[in-house]
Amino acid sequence: MKRSQISKLVGVVALTALATGLGAGWLLAQAAQQNGALLWLGVALILAALIIAAVTGQRFVRAFVWDVRRLIDAGRLMLTVHPKHRVQPIGLPDIQEMAALLNQFAERLEQVQKERAEIVRQARSDVEQERAMLATLLAELTEGVLVCNLDGQILLYNRSARRLLDGSPSDAAQPFVGLGRSVFGLIDRNAIVHALEQVHYLLQRRKPDEQAMMTSFVIAAANGRLLRTRLAPLTEGDGSLRGYILTLQDVGEGIERSLRRDALLQTLTERQRASLGAIRAAIEAMESYPNMTAAQRQRFQQVILDEAQQLSEQIDEMMRGHASDLRAQWMLEEIAAPDLLWAVQRRLADRLGVEVTPGAMDDALHLKIDNYTLMQGLFHLAHTLSQDFGVRSLTLSVQGVESFAAIDIEWPCRGVAMERWQRWKERAFVVDDRDGVVTLREVAERHGGEVWFQMRPSGESAYFRLLLPRAVDATPVASAPAKSFMAPSVESRPEYYDFDLFHQPGQHPELDRRPLRSLTYTVLDAETTGLTPGLDEIVSIGALRIVNGRLLRQEVFEQLVDPRRPIPAAATAIHGITDEMVKGQPTIEVVLPRLLKFVEDTVLVGHNLAFDLRMFKEKEAESGVCFVNPVLDTLLLSAVLHPEEERHGLEDIARRLGVQVLGRHTALGDAILAGEIFLRMIPLLEERGIYTLQQARVAAEQTYFARLEY
Amino acid sequence: MPAKVLIVDDEANIVISLEFLMQQAGYEVAVARNGEEALEQIASFHPDLILLDVMLPGLNGFDVLQRVRQHAGAHELPVIMLTAKGREVEVTKGMALGANAYITKPFSTRNLLDEVRRQLDACRQARIDEQHETFTD
């Protein structure tokens, strides 16, 4: 029997019952005028008719509205996020039959999905093996590795990179290493841009037999570590630049120690040379002139005594004074003279509009320089020449002088006061992102070189000469000792990568129009001393990130917070955090700035997040931190998805969506659960035509729960 | 007339020996303790040779050397750098700026005296040649 026929039949039954009841009632009411007893019979008949009509109608609604609705919801769940879900066969036989049919479809679908998953699994096993090998190799490397796209977003990093670049937990201003985060927060942008320019140049003049296209520089990372950084390009098939790989090595300690030793040795040598010079001259004078007067002899003996005494004092003083010498240090890399000339020429022309004519050039000459710092120094020099003295054209030459390489910057000039130029090399300029102020003379000195200004003998031009060490004959870098390959182990496994970020748009686009699937989220949760914002305090915060549809369990923020008040037993009973546990932990105004750094550039996700944000807002004045990120709340999204359900607790939703509940009531545990739930919600939202952040937010705002306020 | 030697050094102990040795060798000696004083002495004492230290208070030895070489007429004045700065790069810089010799401390007094004599002789010879050329012209 068709649904329309059933509904007609039910309608007819209900209406007939109603009409019969009403008709009989009316007849009886007429008759009741003669016989009072019939009145009650009539009333009873009318009531009976109304009850029959109501019951029939209710059954109709249940059978053909709610049961069907239930089937639709169940079908949607089975089709999308919860294939194991089954419909209870209740209601009319037809509905039951339909439910059984739906369950059969679900079985078949699950079976097909399993088969398909198995095929995919087999097909991908080779790839997985290779990935595991790559991951193991990366994990075992003591060098840090970062892979970035051209926007500077991190697509891959290993544990060493994280160790080298992450800040200390106590420092709120330190950035984090994480997938999708910007590398420029960790390493000076200018240094990377400069290195990319060089790589671009190398790619352009690449010879077929050349393999390695990398450039290296030493940079102070945001956390203060001195890192030797190598940049190698990642190219597309057509040779265009797609991204780059950075390898990082901590050279700070080693180089500082060795340079301190170097400086100590040099100073000791100079001062001792002076003292020894005086002693030797005195002795030789006495020897050469044995007939000198007693007074003269006494004078020379006194010189020898004084200088010997000074020598001892110098050694003691140097050992004390240089033990704490911690000035910033440089590390030198090799570069060919033509490459250096090109880089300088291009930079000065691009940035200053100064015309640079190549002068004398020794093509075979290699220099040992800190590329970035030297470039800053030369740029500063050219900038002052152009700004203060109107010099528009320079001649740049790089040639060998004795065992050094001389970089000469020359310009037409007559009769310049030499004092003015002498002062120049002492003028400070800012070199790095640590605001390290360095003069041109210091740049030269730290290269083990010298700088000076000189007029040409013709008197028609002047030049600055930087005398720098030549590189010893170029020898290939010794290859690392062969290391036997180790089988991937679970412990050394997790490397953190997401190459899909190659296809991400820029860092700060119009978020609202972006699809939910493509956004980067931070899921967060806070545990508190109670439920009253303003009175209660936060005792723990947990957060982790979702990038490209994956919950990144390695990149977590987990912090106990000292609430500066006792934690009620009722609260401890829920989250298990006691007064002892929070003793000595940072307070909220220390933790929130760090959390802000962790969540920057992401959409916040959480369950009943309005509560957590209200707690944060209470601390706005103390911490100076205001969270302005867009927000999606799983409580509201659940109400969007299942309006007919009454319960939208975290565990209720988890059960509905087939998410296993583990580790509840720790901040991080709840954040993880909310994250998994949110990921399962995305396809369900899409089924309802909700694809973008804006659409999700608008839908959430329209639910009843959104009107609750804290 | 004895040749004039200007000693420019701020370390008193080495000056004692240098002054004694130069006087014993028959030169007329003047001493400057810093760069500025050295420039004044050059103008008033008119030395035939300068023994110049690099590490001086105020203007350093390289600065003084550049001033000397900048002045026309002072090109022939021999300058011997006598310094504890003995790195190769400093020697190269000194020679590039126009020093006639670069001697690092500690030095042999005999070698120093030989070098002083050689430089003075060379300068005298150059002057004679110049006069001869002027005369023959």
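**Reading the interface between chains A and B**

Biologist: How many salt bridges are there between chain B and chain A?

Modeller: In this predicted model, the count between chain B and chain A is 2 salt bridges. One salt bridge is formed by K85(B) with E270(A), where the closest N and O atoms are 3.2 Å apart.

Biologist: How many residue pairs are in polar contact between chain B and chain A, and which elements of chain B give two or more residues to the side that touches chain A?

Modeller: Between the two chains, 10 residue pairs are in polar contact, counting pairs with both residues at pLDDT 80 or more. On the side of chain B that touches chain A, the elements that give two or more residues are α1 (12-24), α3 (61-70), α4 (88-96) and α5 (109-136) of chain B. Of these, α1(B) gives the most, with 7 residues. By class, that side of chain B has 12 nonpolar, 10 polar and 10 charged residues.

Biologist: How should I read the area buried between chain B and chain A?

Modeller: The general idea is that the size of an interface is often given as the accessible area lost when the parts come together. Here the area buried between chain B and chain A is about 3100 Å², and carbon and sulfur atoms give 57% of that area. In chain B, the residues that lose the most area to chain A are N13(B), F20(B) and K93(B), which together make up 18% of what that side buries. In terms of contacts, 32 residues of chain B are in contact with 36 residues of chain A.

Biologist: What does the secondary structure of chain A come to, and what percentage of its residues is buried?

Modeller: Chain A comes to 20 helices and 20 strands, and buried residues make up 45% of its 710 residues. Among the contacts in chain A between residues at least 6 apart in sequence, 68% join residues at least 24 apart. Chain A exposes about 36500 Å², of which carbon and sulfur atoms supply 55%.

Note on methods. Residues numbered from 1 in each chain as written. Chains lettered and ligands numbered in written order. Predicted model: local features only at pLDDT ≥ 70, side-chain atom pairs only at ≥ 80, totals over all residues. Heavy atoms only, no water. Contact = heavy atoms within 4.5 Å. Buried area = accessible area lost by both parts, 1.4 Å probe. Salt bridge = Lys/Arg side-chain N within 4 Å of Asp/Glu carboxyl O. Polar contact = N/O pair within 3.5 Å; in protein donor to acceptor, adjacent residues only side chain to side chain. Helix = DSSP H or I, 4+ residues; strand = E, 2+ residues; numbered from the N terminus. Nonpolar A, V, L, I, M, F, W, Y, C, P; charged D, E, K, R; others polar. Buried < 20%, exposed > 50% of the residue type's maximum accessible area, 1.4 Å probe, protein only. Areas by Shrake-Rupley, 256 points an atom, 1.4 Å probe, with all protein chains shown as cover.
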